[in-house]
Amino acid sequence: MFLQMMVIITSTNTIQTAVANDRILRRLEELSTISDDNDCLSRFYFTAAHQQASDLIHSWMEEAGLDVTKDTIGNIRGIYRSDRADAKHFVIGSHYDTVHDAGKYDGPLGILLGIEMAQRLKKYGIDLPFHLNCIAFADEEGSRFSTAYLGSSVIAGNFDHEWLSRKDDRGVSFQEVIEGNGGQVNSISDDQIPQEDWLGYFEVHIEQGPVLCKQDLPVCLVSGIAAQARVNVSWKGMAGHAGTSPMDIRNDALCAAAEFTLLIEDIGKKNKEQLVATVGKLNVSPNTSNVIPGMVTHSLDIRSPNGSFLSEMIELIQTKGKEIAQKRTIEFDWKLMQFNPAIDCDDQLQELLERSIKKGNISQVLKIPSGAGHDAVMISAVAPVSMLFVRCTEGISHNPLEYVESSDIKDALIVCNHFMDELISAHTI
Ligand code: HGY
Ligand code: MN
Ligand code: MN
């Protein structure tokens, strides 16, 4: 085994790395053209573009020599099996769904690096001490059903069947979408990797923040991921004639929502060291210029590295919402859609990753927390997790201007390959 390790480490020469890097860049471009919207990149869960993307990723995993399946929820799962009878599962993953008007790296970069890591080992026929799984998660953003981490929740065995009744903006339920694609909702739970079979999880993701740019580093370690809550809020006032209704006797749902949104912003600014809060999605009804809005629904995305502080702020904001509703004689509805606690990355895996960063000749090993959520949050409930961040220009993300330098992708690939070698030798007797 030691000899074959030497083969790996010495044989990953610059040409192979350059070939792999080019393949990643080509595939990122190809994936970025698969969208449900002609004017921008938008690939929500189980849409036509989502299916097309899953077929393409499926073919790339097969090309890498992996045994590939698609599970009920839509995760694409490539596996490189170990011969060892007691082998556990190590998973490398990220997601292939996007937000609306997305960038091309958020999710796909981690999937494509994972495929290259596996393909390199497959090429040398390394008999792995663990089953290596490359997983492209079907839904991480939760853009369609307001539930983040749907794909990884299944793998981790945390799927909540209550989510099946959730409806998208067109009133189509999650269950209808799965069954409409030939899936059996009762078999979703069969797709998990049992907790006792996990070895660990690794995800490469763009930083989506400014730190790596400021520090002029291509990659860094991730210490942990902030706690996050998603709330759906609705305000039910009274639609009315814009021309005849006096200003002081209106029940204008949009003015209530606007007052609430500015109050949320104010609370966020006052606690900016440990809180971010966003109203990102808002619908007005009847959404007509000469009608006083009778109904407004909107989202609230709120996060903190400190889970108990986050709970406190959620309670405070909900109370303030009720007060605004009372003052304006408007009905206020508040639905907590999801709460994910803050998580820590695993020290042992991060130590291997730190060694890999040094072997990759990166000038400094930096470790930062993640304000963004990732599938590692869901997996951390059942397995030790590790993450590597890759610099993205000016930290821009969830925006078509999202960009990663090819040289940073190559640096990440080299670190990832060293990480695989470290992991194999750490689990080789
Ligand atoms: O919202 C997030 O943090 C991630 O992009 N899903
Ligand atoms: Mn992401
Ligand atoms: Mn994202």
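The manganese ion (ligand 3) is coordinated by Asp 106 (OD), Glu 141 (OE) and His 398 (NE2), at 2.1 to 2.2 Å. Donors are N, O and S atoms within 2.8 Å of the metal (3.2 Å for Na, K and Ca); water is not among the atoms, so sites may look incomplete. This is a predicted model: local features need pLDDT of at least 70, side-chain atom pairs pLDDT 80 or more, while totals for chains, interfaces and linings use all residues. Residues are numbered from 1 along each chain as its sequence is written, and side-chain values use heavy atoms, without hydrogens and water.

The donor spacing in sequence is D-x34-E-x256-H. Asp 106 also bridges to the manganese ion (ligand 2); the two ions lie 3.4 Å apart. Asp 106 and Glu 141 sit in loops, so the pair ties together parts that are 35 residues apart in sequence. Helices (H or I, at least four residues) and strands (E, at least two) are DSSP runs, numbered from the N terminus.

Both residues are buried (under 20% relative accessible area; exposed is over 50%, partly exposed in between; 1.4 Å probe, protein chains only).

| Asp 106 | strand 3 (89–95) and helix 4 (108–123) | 5% |

The largest nonpolar core has 101 residues. Such a core joins buried Ala, Val, Leu, Ile, Met, Phe, Trp, Tyr and Cys residues through side-chain atoms within 4.5 Å. Helix 12 (residues 406–426) gives the most to this core, nine residues. Apart from it lies another core, of 25 residues, including Phe 309 and Ile 324.

Terms used: Chains lettered and ligands numbered in written order.
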